[in-house]
Amino acid sequence: MSVESIISVLRSAQEPLSGCSLFSGLAEHELATIARAAQLHYGKADHFFFFQDDPATAFYLLLEGRVRIVQSTPEGHQVILRIIGPNELFGGVAFLGDGRYPASAQALTPSTALVWSGEIMERLMEQHPKIAFNLLQIVAHRLQELQERFRELVTDRVERRVARTLLRLVRQAGRKVEDGVLIDFPLSRQDLAEMAGTTLFSVSRILSGWEKQGVIKTGRQRILITSPHKLVTIAEDLET
Amino acid sequence: MESVALLQLPVAYVMEQWPQTIPVFMRRRMACVGCVMAQFETVAEVAAIYNLDLPDFLNELHQNILSEKSECSQDQKVE
């Protein structure tokens, strides 16, 4: 990848959910410095970009693919904290935090990321405070999202949580197809359970029910929403 | 704009291009405003979902689109 093409990526990389961009408001020569400091990192499906508890040494911007951020407890439970899509950052919180990655980052599909070492990123932020400000905005959005998910965990019924999880995935990776809206990356029932904070058993029961009602169709690690409106009424607790 | 073209537009697009249509959805207590699925469902599809009287619904959308045409005319790409 040439420096020019990296610059154009940096200029247009806008996080899909928040609309924030780490490098907005920077001049062309500043983007060029940042582009030259970046390395390209490619991973096949299942590849780990980093592991939980590893020293946090780098900062990633995903260009292509899907990466799941997954945390394990000492008892062996797993929680998917987030699924990263193109133009989203990952690894950044660790690098600013206590120096170790609090979760692992694993590619769900073949993925390409730009990587900066923590030292370089720290120097760039000192030289260009706008980057630090942009990052703060991105972190604020993520915090809001986590607060929303926390509220859902505390207050919502499981069925509603699973519906909301699907809607979040649609916002990030939904694609219109002939029979409905497809979540366009491999997603297992276990993944969904780990995102919605419930068990595989509950997810299977809920998805089977929805499939009978014609809300969704499931296939090999794919979920097709055949009645988007019905899913919204479940997620938002609307009257039908 | 022709009714046929309007029927095939995603409702999110309609609300974005002509924000004056938003009250038409709100008045019918439709959940389209701000809904993530609004980018995927067309005017025809939501009319079917909500069992709307189609000519009546289209007519009201048209009226609202035309009512503030001057403000939005620069952005009108769809004929």
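Which residues does Ser227(A) touch, not counting residues up to four places away in sequence? Ser227(A) touches Gly214(A) and Val215(A), where contact means heavy atoms within 4.5 Å. This is a predicted model, in which local features need pLDDT of at least 70 and side-chain atom pairs count only at pLDDT 80 or more, while totals for chains, interfaces and linings use all residues. Residues are numbered from 1 along each chain as its sequence is written, chains are lettered from A and ligands numbered from 1 in the order in which they are written, and side-chain values use heavy atoms, with hydrogens and water left out.

**Sheet β2-β7-β4-β5 of chain A**

- Four strands of chain A form an open sheet in the order β2-β7-β4-β5, with antiparallel pairing; two strands pair if DSSP finds at least two bridges between them, and strands (E, at least two residues) and helices (H or I, at least four) are DSSP runs numbered from the N terminus.
- The edges of this sheet are β2 (48–50) and β5 (78–84) of chain A, each of which pairs on one side only, and the twist from one strand to the next averages 30 degrees.
- Strand β4 (residues 67–72) of chain A is joined to β5(A) by six bridges, and the two run antiparallel; Arg68(A) stands opposite Ile83(A) of β5(A), and Ser72(A) has Gln78(A) of β5(A) as its bridge partner.
- β4(A) and β5(A) form a hairpin with five residues between them, and in its turn Gly76(A) has a positive phi of about 95 degrees.

**Sheet β9-β10-β12-β11 of chain A**

- Another open sheet of four strands in chain A has the order β9-β10-β12-β11, again with antiparallel pairing, and its edge strands, β9 (174–177) and β11 (216–219), each pair on one side only.
- Neighbouring strands of this sheet are turned against each other by 25 degrees on average, direction ignored.
- Strand β10 (residues 180–183) of chain A runs antiparallel to β12(A) and is joined to it by three bridges, with Ile183(A) opposite Ile223(A) of β12(A).
- Helix α6(A) packs on the sheet, touching β9, β10 and β12 of chain A, and its direction makes about 85 degrees with that of β10(A); axes are lines fitted to C-alpha atoms, for helices over the stretch in contact, and angles run from 0 to 180 degrees between N-to-C directions.

**Helix pairs of chain A**

- Two packed helices are described by the angle between their axes and the distance between the axes.
- The axes of helix α5 (residues 129–155) and helix α6 (residues 158–173) of chain A come within 10 Å and cross at roughly 160 degrees, and α5(A) and α6(A) are therefore roughly antiparallel to each other; angles under 35 degrees count as roughly parallel, over 145 as roughly antiparallel, 65 to 115 as roughly perpendicular and the rest as oblique.
- Arg149(A), Arg151(A), Glu152(A) and Leu153(A) of α5(A) make this contact with Arg161(A), Arg164(A) and Arg168(A) of α6(A), and the residues involved divide into one nonpolar, no polar and six charged.
- In that division, Ala, Val, Leu, Ile, Met, Phe, Trp, Tyr, Cys and Pro count as nonpolar, Asp, Glu, Lys and Arg as charged, and the others, Gly among them, as polar.
- The axes of α6(A) and α7(A) come within 9 Å and cross at roughly 105 degrees, which makes α6(A) roughly perpendicular to α7(A).
- Arg161(A), Val162(A), Thr165(A), Leu166(A) and Leu169(A) in α6(A) meet Leu192(A), Met195(A) and Ala196(A) in α7(A), and the residues of this contact divide into six nonpolar, one polar and one charged.

**Two residues of chain A**

- Gln106(A) is found in strand β7 (residues 104–107) of chain A and is buried, with a relative accessible area of 10%; buried means under 20% relative accessible area, exposed over 50% and partly exposed in between (1.4 Å probe, protein chains only).
- Ser227(A) lies in the loop between β12 (222–225) and α9 (228–235) of chain A and counts as partly exposed at 22% relative accessibility.

**Chain B**

- The secondary structure of chain B comes to six helices and zero strands, and 42% of its 79 residues count as buried.
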